[in-house]
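Please look at the structure below with one topic in mind, namely how the protein surrounds its ligand.

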Amino acid sequence: PTMAHSKALLVLENFIGGKFVPCSSYIDSYNPSTGDVYCRVPDSGKEEVEAAVKAAKDAFPIWSSKSPLERSQILNKLADLIEHDLEAFAQAESKDQGKTITFARTVDIPRAVHNFRFFASSILHHITECTEMPTMGCVHYTSRASVGVAGLISPWNLPLYLLTWKIAPAIACGNTVVAKPSEMTSVTAWMMCKHLEKAGVPPGVVNVVFGTGAKAGEALVCHPDVPLISFTGSTLTAQRITEKSAPHCKRLSLELGGKNPAIIFDDADLSQCIPTTVRSSFANQGEICLCTSRIFVQRGIYGQFLKRFVAEAKKWKTGNPSDPTTDVGALISKEHLEKVRNYVKKAQAEGARVLCGEGVDPLALPPGNQKGYFMLPTVIAEVKDESCCMQEEIFGPVTCVVAFDTEEEVIRRANGVKYGLAATVWSSNVGRVHRVAHRLQSGLVWTNCWLVRDLNLPFGGMKASGIGREGAKDSYEFFTEVKTITIKH
Ligand code: NAD
């Protein structure tokens with residue numbers, strides 16, 4: 001950008017030890033709905049990570065010695081402050097990520113607020129274990145202590161939502177943190193930092209270092225004073241993080257990709273199933289790790305389902321994310337859009353049928369969005385199970401629909417991928433629903449619904465979808481160190 005141009009850009013700074021600090025170099029960040037550079041993000045490296053880890057280490061003794069109640073009050077205050085600014089956060093998230101303003105207003109930011117409130121409450125209710133051994137004159141009990149500096153690395157699809165899902169439990173448990181959001185979606189994390197002091201979060205408890213995974217992310221993963229890494233992102237990056245952290249034997253929580261099946265039996269209530277499955281396929285442009293991308297429909301209703309499903313998908317309006325009537329916003333980047341489009345091309349080359357969307361229907365965009373990274377919701381049928389479209393995570397508004405005959409067969413096919421994050425099962429037969437849910441290799445199974453979450457319960461994936469779980473008890477266990485103490489009387 002020219003000098004005149006760069007003056008108008010939003011410039012972010014790292015947040016270290018309670019202060020905003022400039023960085024020596026910056027990365028351009030794009031507005032996905034216009035294709036323009038609108039923000040500059042610090043390109044942090046070892047030096048910045050070092051300063052942030054030091055600040056977090058220095059803040060740890062005081063923060064970890066506060067009572068859960070004191071920390072809880074601070075988290076609640078932070079939730080209130082973010083909620084007070086909900087509209088500004090939602091606008092920023094939509095502009096930075098490409099998601100619709102409606103989604104940011106109703107899902108992303110309310111959930112970020114809720115994450116702080118949820119852990120502010122749950123931290124007050126944990127009970128440790130105690131056993132007695134009368135013949136030995138002993139009681140045993142467990143105690144849980146904060147661990148230290150937690151490294152938190154988050155992706156671009158649900159920026160503030162996923163980052164706060166890590167920050168909230170980490171600090172509620174008395175740890176201090178160094179967080180690194182995705183370099184493509186850093187703005188709302190930076191906005192959150194502006195509220196920390198007012199909420200009463202002491203300097204150094206939450207540090208945010210912006211930059212790329214290769215530089216800032218790896219510096220954090222390799223830092224010897226960061227014993228915990230909580231990561232949400234792709235399976236490929238998780239492999240790299242596992243390798244890089246191995247020499248330090250770090251504790252890792254890995255929330256990764258999915259290739260989530262929806263299994264629709266012929267006794268399903270289609271009036272519920274169809275709109276929900278359209279939503280589970282295309283919400284947030286299909287850029288949610290829990291999105292459905294393989295739809296198995298029992299043969300008897302296959303034709304009817306396909307017709308109604310495509311008709312419903314076509315109703316989703318793609319375009320300007322800041323228009324509240326838009327259903328599908330822009331994809332995160334030009335490269336990602338290209339990648340998603342290529343999957344559709346590969347499917348066509350293999351003989352699959354594209355029933356609506358990419359390459360089939362016209363995409364009409366308002367003048368200001370012509371250079372944005374848009375794509376219509378796309379439904380593909382007659383795809384082979386071995387096809388890359390049925391095996392790999394596409395992470396865009398593309399879903400495949402195929403027919404099946406028996407329960408046994410569909411379980412085998414649904415499990416026939418490397419991932420195991422989330423599945424949905426549609427049937428009115430209670431026995432079948434339980435049977436199938438038990439046999440699916442999936443960390444989450446929703447029956448006759450999608451994305452209904454109780455944050456108390458474990459969240460996470462099997463197989464290549466991750467290691468560990470997050471939730472009230474699970475996050476508490478991850479972010480604390482347990483000790484067994486024996487007392488003889
Ligand atoms: P990504 O793996 O490319 O990046 C995630 C984060 O890791 C970013 O902050 C990135 O900068 C950082 N990173 C990249 N390389 C790194 C390295 N070598 N060392 C340390 N950090 C590094 O993922 P993405 O493209 O941002 O996000 C999309 C992926 O996230 C999808 O696979 C999606 O399924 C997954 N995801 C999973 C969940 C879940 O809860 N299971 C939730 C949302 C997204």
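In this predicted model, the shell around the ligand takes at least three residues from domain 1 (10–257 + 465–488) and at least three from domain 2 (261–447). The space that the ligand takes up is the largest pocket.

How many residues surround the ligand? There are 30 of them, and the closest are Ser-154, Ser-234, Thr-237, Leu-256 and Glu-393. Sorted by class, the shell around the ligand consists of 13 nonpolar, 11 polar and 6 charged residues.

At least two residues of the shell come from each of α8 (213–221), β11 (228–232) and α9 (235–245), and α8, with 4 residues, gives the most.

Ser-234 takes part through its side chain, where an N or O atom is 2.8 Å from an oxygen atom of the ligand. For Glu-218, a polar side-chain atom lies 3.0 Å from a nitrogen atom of the ligand. As for the surface of the ligand, it exposes 850 Å² when taken alone, and the protein buries 90% of that.

Key. Residues numbered from 1 in each chain as written. Predicted model: local features only at pLDDT ≥ 70, side-chain atom pairs only at ≥ 80, totals over all residues. Heavy atoms only, no water. Near = heavy atom within 4 Å. Polar contact = N/O pair within 3.5 Å; in protein donor to acceptor, adjacent residues only side chain to side chain. Areas by Shrake-Rupley, 256 points an atom, 1.4 Å probe, with all protein chains shown as cover. 1 Å grid on protein atoms, 1.4 Å probe; cavity = no way out; pocket = protein on both sides within 12 Å on 5 of 7 lines; lining within 4 Å. Sits in = over half its atoms within 2 Å of the grid points. Nonpolar A, V, L, I, M, F, W, Y, C, P; charged D, E, K, R; others polar. Domains from an automatic or database assignment.
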